[in-house]
Amino acid sequence: MTTSSAAFPFIVKDCGLNVVEFINVDPVIDGSHKAIGALNILSRKFKGIVFTLPQECSLTADVEPQLKQISEKTSLRLVFQNTSQVPFAIDFTEAFCHTEDAVASIKSSLVIARVIKDFADVTPFRTSALNILDLLKQPDISFDKIQKGIIDEPLLVARILQVANSAFYMRRNPVDNIENALAYLGLEGIRQVLVQLIFQSLATKYFAHQKDKLVHGECCAHLAVKLAERKTKDLMTLGKIRVAGLLHDVGALALQFCYQDEYTRTMNEALTQKTSIIEVERSIFGTDHCQVGARLSSEWKLPDYVKTCASDHHSIASSQFDKIVRPVICANAFLNTAIDKLPGLDFSPLAREFSITPNISDNEARMELLAFFTETMKSFTPEQG
Ligand SMILES: [Fe+2]
Ligand SMILES: [Fe+2]
């Protein structure tokens with residue numbers, strides 16, 4: 001932090017992630033004021049600047065073109081209380097009343113932009129798997145069209161057959177060619193297989209050093225499916241729950257990949273302060289892994305239920321995908337508390353949905369689910385190395 005003096009009539013505070021807060025101290029700032037020169041220099045060095053005007057400070061009209069130029073070089077936000085402090089229209093940047101909101105706004109846009117950029121070329125299957133996933137969104141898509149899209153990609157065919165024959169999908173006979181795989185899995189099954197393939201290649205290419213988190217995703221998927229099986233036997237619903245469980249923390253995996261040091265600090269703070277990971281993420285990144293996961297899911301055009309689960313798994317929000325997301329919310333909350341030793345979401349309001357004991361309270365249902373999860377953990381074996 002820089003303290004103010006006559007030579008430097010402003011204060012500069014480091015906000016992390018290459019963002020600074022620049023606090024003005026003189027009562028009037030015109031275009032020739034030292035603060036504007038300093039802002040210009042800082043704009044070449046920092047990715048984001050929050051320009052704070054305390055209540056007793058104001059700008060003159062000739063500052064506008066200079067601020068406009070500065071906003072072209074860095075991510076700029078203004079903080080002030082009264083419109084009289086800034087006598088021009090601010091159409092080139094955003095204004096806030098509170099510094100924390102301005103810092104979070106810059107950080108979240110920088111973080112999301114970086115994550116999107118780092119994962120622009122996501123998988124070796126990118127073109128084919130994502131294209132076919134896109135193709136599957138067409139209402140009149142035929143098996144024939146999909147087969148044509150897949151057939152020229154032997155690696156993809158091999159992986160689809162491998163997944164189709166995995167323990168989860170192969171409930172009857174082995175599938176030995178793509179025609180049978182399509183007929184057996186159906187459009188929804190193929191969609192699930194493709195999402196899993198995309199995720200597996202992401203895991204291999206980007207997340208290989210995050211074994212704990214990958215195993216957490218697998219375990220969450222396992223527990224969520226077993227929980228849902230208490231109420232449904234529908235293989236396609238269970239398949240979606242599995243996919244949603246596997247990918248629910250894709251935002252955390254991406255954040256950790258892009259910001260390794262900061263994410264380690266985030267985890268340590270959450271552990272030592274017994275605070276929710278979401279809150280610590282927001283204070284460090286201006287955003288959280290739920291928002292990042294939802295954004296990545298959109299970017300990759302993953303199915304809507306995957307996006308909703310990535311975005312909602314730390315809250316009890318209701319959506320059209322409750323049947324898929326809720327088992328994941330409960331399983332994840334259990335794992336956060338029991339394994340990660342972090343404060344987990346209280347899932348009591350959802351517990352009765354999955355209880356097999358009639359007429360019990362929310363809390364009794366939660367206890368029943370905790371016992372169920374503890375027991376079900378014993379049958380979990382991770383695929384990750
Ligand atoms: Fe999470
Ligand atoms: Fe999680």
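## Basis of the description

This is a predicted model, in which local features need pLDDT of at least 70 and side-chain atom pairs count only at pLDDT 80 or more, whereas totals for chains, interfaces and linings use all residues. Residues are numbered from 1 along each chain as its sequence is written, and chains are lettered from A and ligands numbered from 1 in the order in which they are written.

## Overall layout

The protein is divided into domain 1 (10–118), domain 2 (122–205) and domain 3 (206–385), with bounds that come from an automatic or database domain assignment. The C-alpha centres of domain 1 and domain 2 are 49 Å apart, and the C-alpha atoms of the protein fill a box of roughly 80 × 55 × 35 Å along the principal axes.

The protein contains 17 helices and seven strands, which are DSSP runs numbered from the N terminus (helices: H or I, at least four residues; strands: E, at least two). Of the 385 residues, 41% are buried; a residue is buried if 20 or more other C-beta atoms lie within 10 Å of its own, exposed if 12 or fewer, and partly exposed in between, with C-beta atoms placed from the backbone. Among contacts between residues at least 6 apart in sequence, 63% join residues at least 24 apart, a contact being two residues whose C-beta atoms, placed from the backbone, lie within 7 Å.

## Two mostly covered helices

Helix 14 (residues 304–312) has eight of its nine residues buried, namely Y305, V306, K307, T308, C309, A310, S311 and D312. The cover over these buried residues includes helix 7 (178–205), helix 9, helix 10 (250–258), helix 13 (289–299) and helix 15.

Helix 10 is itself mostly covered, with eight of its nine residues buried; these are V250, G251, A252, L253, A254, L255, Q256 and F257.

## Helix 9 and its partners

Helix 9 (residues 235–247) packs with helix 15 (residues 322–338) at an angle of about 45°, their axes being 9 Å apart. That angle makes helix 9 oblique to helix 15, since angles under 35 degrees count as roughly parallel, over 145 as roughly antiparallel, 65 to 115 as roughly perpendicular and the rest as oblique. In this pair, T237, K240, I241, A244 and G245 of helix 9 meet K323, I324, V325, P327, V328 and A331 of helix 15. The residues of this contact divide into seven nonpolar, two polar and two charged.

Helix 9 also packs with helix 14, at an angle of about 45° and with the axes 9 Å apart, and helix 9 is therefore oblique to helix 14. Here K240, V243, A244 and L247 of helix 9 meet Y305, V306, C309 and A310 of helix 14, a contact with seven nonpolar, no polar and one charged residues.

## A loop aspartate

D26 is found in the loop between strand 2 (19–24) and strand 3 (28–29), and D26 counts as partly exposed because it has 16 C-beta neighbours inside 10 Å. Not counting residues up to four places away in sequence, D26 touches P9, H33 and C57. D26 and L59 are 33 residues apart in sequence, and their C-alpha atoms are 10.0 Å apart in space.

Terms used
Axes are lines fitted to C-alpha atoms, for helices over the stretch in contact, and angles run from 0 to 180 degrees between N-to-C directions. Ala, Val, Leu, Ile, Met, Phe, Trp, Tyr, Cys and Pro count as nonpolar, Asp, Glu, Lys and Arg as charged, and the others, Gly among them, as polar.
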